[in-house]
Structures are given as structure tokens and as C-alpha cells.
Amino acid sequence: MKRDAVRAWMRVPAWLWAAVLVSLMLLTMALVTRVASVEGAVPITEARVWQSGESAEDASTVSLPHSWDNSHRRWTGEASYRIELPAALTEAAHSDPGVALLLPRVGVHFRVLLNGHEIAGEGWHSNPGYSDAGTYAHVVPILPGLLKSEWDRNELVVQVRGEALRISGLSQVWLGPQDAIWQRHHWLHWWQVDLTWMVTSAALLLGLLSLLIWGQTRERLFGLLAGGLLVLVVRLFLSVQVQLPGSFAFWDYVHKLSFTWYCGFVYLFMWELFDFRQGLFRKLVNAMMLVAPIWMLVLVLAEDYVLYRAWMTVVIGICVMALLGVIHRARWGIDASQRLMVVVGLAVMVTGLRDYLVVQLGFPGDIDIRWMTPGSLVLMFAMGWVLLHRSVLSLEQVGALNAELAQRVREREQELQTMFDRLRSVERQRIIEAERRRLTRDMHDGLGSQLVQALNLVRASGEKVDSAAVAGMIGHALEDLRMTLDSLEPMDGDLATILGTLRMRIAPALEAAHIELDWQVQEVPAVPGLEARGVMHLFRCLQEVFANVVKHAHASRVTVSTYTEGDAVVLSVCDNGVGLGRWAAPVAGMGGRGIGNIRIRAAEIGAEVLFEPARPGTCVRLKFRGAAEHQENGFED
């Protein structure tokens, strides 16, 4: 049962949860921010006020809260508010812990005088640049030692100094026991300062995250979200207790402009979320964001707060109409993210209207507590949810595309593997067929030729067969067969191994001809291309060379050596015979093509063949260029 209940709760849409939670939040704020009362304290609702340059006798009585901007269009001077100390606090003022004055809202700079003695102040004696003491509440303990014995002769004066286009005056103040005053101050400080810093941190984090995602995806939705949140960070930062160098007018200009741009970015974000590309309201919001810097500049030059109130009325009106337009356009069907933003957008609109009516137009309510701050926090959470939801959907789409791509790649790999297997089978058959033709040709040229000569000799001799000659021919045929079989051994281009195999075949013939074999074969880099076919070509070249040495050079010694020369591997066969002139002529036997046969076979294995006089004798050199360089690259790999 419990599991079914949990599942049922989990099926409730997010926008419905948001509607319930936002309604509870608005109800809670309405209860918390009723007209404030501080237990045991006396509210001061009237004061005698006079402007700088006037005397106390010229003071007039005003109701608190009082704003000089309502009656003095360009007022930026000083004003003094005289507060009567309630007789009900006489006993509490002289007992422990005494009484204190609570200033929830005060001018940009202020100081408090008790019987002519300054007991508190903020920015009065210096010009710290941008600093607004009216952004947070202040507690001023009433020092018993400064109080006069005759209670009604005590004079408590709050002096304020204003800045252009910033509300200057005095809100309703409280006088009462310090414990109750400090309790109210802690509540106001949490709401005005701590909560503001909390929202600022959340907006900065979410704004940077949105900016990062926009930088990666270039999706307009995330760009608008990043713009709105980062502008909100600027506004909130300038709405708390901060001190900045420079002109107060400049930072106040940025503070007021940031609110307009924040509203514009938020509603453009909602329009992008709903995918409404055109419309009158969208054009109005774009125009509002473009006109705002110019209008604010006019405000700075005119120093008329009435114009700012008029502009705020325009901004609020456009935003309300834009949100109503979104809801109107969305009545044909919206998804979960859009429903959530409609609910939260309505709630934030309510918080903005409440602050505008209470703060700007004087409607009933706790003027010291603004609803817009928690409303912005809820809006950020909703935007963060939309951001997360969009990211999850994007990841799911990417995952589905990756899965589909992986499936196509697997299918393509199978097709390519099948084609590769077919090509490999065809290539294997081609190689086998080529090797078969090579073996057939080599056996025909070598073994076949020797057997045909032996057969012709037997037929020509009749009954008198020259067995020695036949045995020699058959021996040559067997040697040729062995050489063919030796070429099939895998030697991987190892020239020393290849020549060692050949040495066993040629050494008996040289020994029979009384020719000394001087073997100076050294380890050299492997020669590429000396596979079975290449080895056979090399065997034939050297067979031709040694045959000519035995038959024509009249040499007593032949030297076989290997070495490297630059990037080439050199195979050298040198004899001490009669020289190049005798044996370089075409001769019969062992291939029957002489030097031409050697050149052709050398070209097949990529070798350059050189015939050089040795004085005495002849040298035949085979140069395999690039072999040494190939070996170095192989070592590096």
C-alpha cells in the first residue's frame, strides 16, 4: 500500500507540485508581511521635519513613512526628523538592557543625534562612493547616560542625506526594549541581506552554468537564461550592503537598468520556451530593453523620480501583458516545462505587483520586507528545473542517436568484414595462383631444362650412355630443385640467412673448381621485398654470377661480402680472375642470358646491379637502396 501511494504521488506533474508550493509560499509571505508589530515596542508614526537651511521652528509634522521624493522633485540635500520619545518607555530606558531605536528604512546616508550627541551613523562624514544605508535595517541603542532627567526635554533627531533618484526619507521607526528590537532586526536582516545573498549566489551559479551550456550548444534558450540571471546578480549585488568606488549616479543607473533587463530576459526566455516566434508582446519586450538605457539616461539628467515611477509602471504593465499573452497562446496545449513556468511566472508577477503597490504606491503591507527576493529564488529554481529537464532530454536524444549510430556502424562493420573476407579469399587465391605460376616457371626454366638436356643426351648417346654426364645433369637438376625449395623458407629479408642458405649450394662447385670462397657476410638491416619470389630472383642472379666465375673468370678466389653504404645495403661478389672483358660476354648454360638475365632479375627485386673491374678480377654489386632507412624507421616505431 505504501509503495502504491508513493508511486501515485510521483505521478503528480511537476507543475502541479509547483502550483501548490507557490500558493503556500504566497500565503506564508502574506501572513508574515502583514503590517508589522514589535512586542513591547512603540511605533513612531509621526515626526517633525525640516530641511537643511531651515530652523527647527520651521519644521512641519509628517506621517511616517515619509519620502522627500514625493514632494521635492530634485531633492538631494539633508533633512532632520525629530522624534518624540514615548513616555511609556521612561522606566524601560533606565533599566537593563535599556531601549533601542529600530530604523527599518532610512536615507542613503544618516546619523542619529540624542540631545545633540551623535550616537550612530552611516556614511555621514565621508563620501565612500556607492553606499546605500537604506538597503538594510539599523539598531541604535539609546544610551541612558545621555538622557535628561526630564523625559519630555529629551530630543532624538534622525538626520538623512539623499542622492538623486534614490528614495530619501524615513520609514516608520520603533522604540522599545532592546531584546524585542534586536529580534525584529535579526528577522529583517535575514530577509533583506542574508536571503538576498543566498539568491545572488544561486543566480550566479545557475547563470554561469547556463552560459557554459550556451557556449557549447549555442541554443538561444540557454543564452537568454544566462543573460537574465547574470543581470539579476548585478541588481541583487547592488541591493545589499556594499561599498563601491566611483560615482553614486553611475551605480544607481546600473541598478535601475538591471531590473528592466532582468524582466525582459525572463519573458524572452519564456517566449523562447514556448516557441512563440512573433507577436506584439515580444516586440514590446524587445523595445523595452532597447529603450531602457536611453530612458535611464534621461532620468539621470532630469533627476526626476516621478519619471522613474512612470517607467516602472510601463515595465510592470508590459511584463503583465506579456505573461498573459503567453498564457493565452499556450491554451492549445503545453508541456510540463511550460506549465511549470506559467505557474511560477504568475507567482513572480504577484510578488512584483505586491512590492510595486506597497513600496511605490503606499498600499498596506510591511514595506520593510520585499516579496520579489523569494519570488526570484523560486523563479530560479523553476528555470533550473527547466534547464535540467532540457539537458536530460538532450542527453536522451544524444543517447538514442548514439545507439542508432552504433547499430548502423555494427551493420556496416559486418558488411565490411564480409567484403574483406571475400577480398582476402580472392587475394589468397591470387597469391596462390601467382606462386603456382612462379614455381611452375622456375621449375620449367631450371629443373625442366636440366631434365630435358639429360633426356636429349640419353637419346643421342644410344646404347653408349655417358653416365657421368647424365649424373652431372641430374645433380644440377636436384640442386635447382633444392634451391627452389629453399626460396620458399620464410627469411623476412634477412640477407645473411639467405646467403647462408645459398652457400651450401655453391660451396661444392667452387671447391671442385679449386676456387677459394672468402665469406665476409655481416649482419645488415633487413631488405624489404625479399619474400619467396624475391629470394628466388636473388638465387638466380647469384647462380649466374658464380657460374660465370667458375667457367670464365679463371679465378682462384671469390669474396662474398655485405655492408651498408649510406641508406643502401650492398651485396658484393668479387673474384681475382681475368677481369670483366672475358666473362661479361653472353654464355650458354645456367639461365643462358648472362648479364642481361642478372639485370632483369635484379630489377624485379628492386636492386641496382653494378659490374666493376677489381684489378685483378671483377666485382658484381647489388645495391638495395632504402633498406637501412627502412630498418631505422622500424626501430623507431
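The legends below describe close-up views of a predicted model.

In this predicted model, local features need pLDDT of at least 70 and side-chain atom pairs count only at pLDDT 80 or more, whereas totals for chains, interfaces and linings use all residues. Residues are numbered from 1 along each chain as its sequence is written, and side-chain values use heavy atoms, with hydrogens and water left out.

**View 1. A mixed open sheet of five strands runs in the order 13-14-15-17-16.** Strand 14 (residues 557-565) and strand 15 (residues 568-575) pair in the antiparallel sense over eight bridges, with Val569 of strand 15 as the bridge partner of Thr564. Helix 12 (residues 495-512) lies across strand 13, strand 14 and strand 15 and runs at about 170° to strand 13; contact here means heavy atoms within 4.5 Å.

**View 2. Strand 16 and strand 17 form a hairpin with four residues between them.** Strand 16 pairs with strand 17 (residues 618-625) in the antiparallel sense over six bridges, and Phe611 stands opposite Val620 in strand 17. In the turn, Arg615 has a positive phi of about 50°.

**View 3. Trp187 and Trp191 form a tilted aromatic pair.** Rings of Phe, Tyr and Trp (its six-membered ring) pair if their centres lie within 6.5 Å, and planes under 30 degrees apart count as stacked, over 60 as edge-to-face and the rest as tilted. The structure holds seven aromatic pairs, and in this one the rings are 5.5 Å apart centre to centre, with 55° between the planes. Both residues lie in helix 4 (residues 178-217), four residues apart, which is about one turn of the helix. Trp187 is partly exposed, with a relative accessible area of 32%, whereas Trp191 is buried at 8%; buried means under 20% relative accessible area, exposed over 50% and partly exposed in between (1.4 Å probe, protein chains only). Trp187, Trp190 and Trp191 together form one aromatic cluster.

**View 4. Trp295 and Trp311 form a stacked pair.** The ring centres are 5.6 Å apart and the planes stand at 25°, so the pair is stacked. The pair links distant parts of the chain, with Trp295 in helix 7 (residues 280-302) and Trp311 in helix 8 (residues 305-329), 16 residues apart. Trp295 is partly exposed, with a relative accessible area of 30%, while Trp311 is buried at 6%.

**View 5. Charged side chains sit over the rings of Trp214 and Tyr308.** Arg218 lies over the face of Trp214, at 4.4 Å from the ring centre, and the charged end of Lys256 sits over the ring of Tyr308, 5.0 Å from its centre. A charge sits over a ring if NZ of Lys or CZ of Arg is within 6 Å of the ring centre and within 35 degrees of the ring normal.

Terms used: Two strands pair if DSSP finds at least two bridges between them. Helices (H or I, at least four residues) and strands (E, at least two) are DSSP runs, numbered from the N terminus. Axes are lines fitted to C-alpha atoms, for helices over the stretch in contact, and angles run from 0 to 180 degrees between N-to-C directions.
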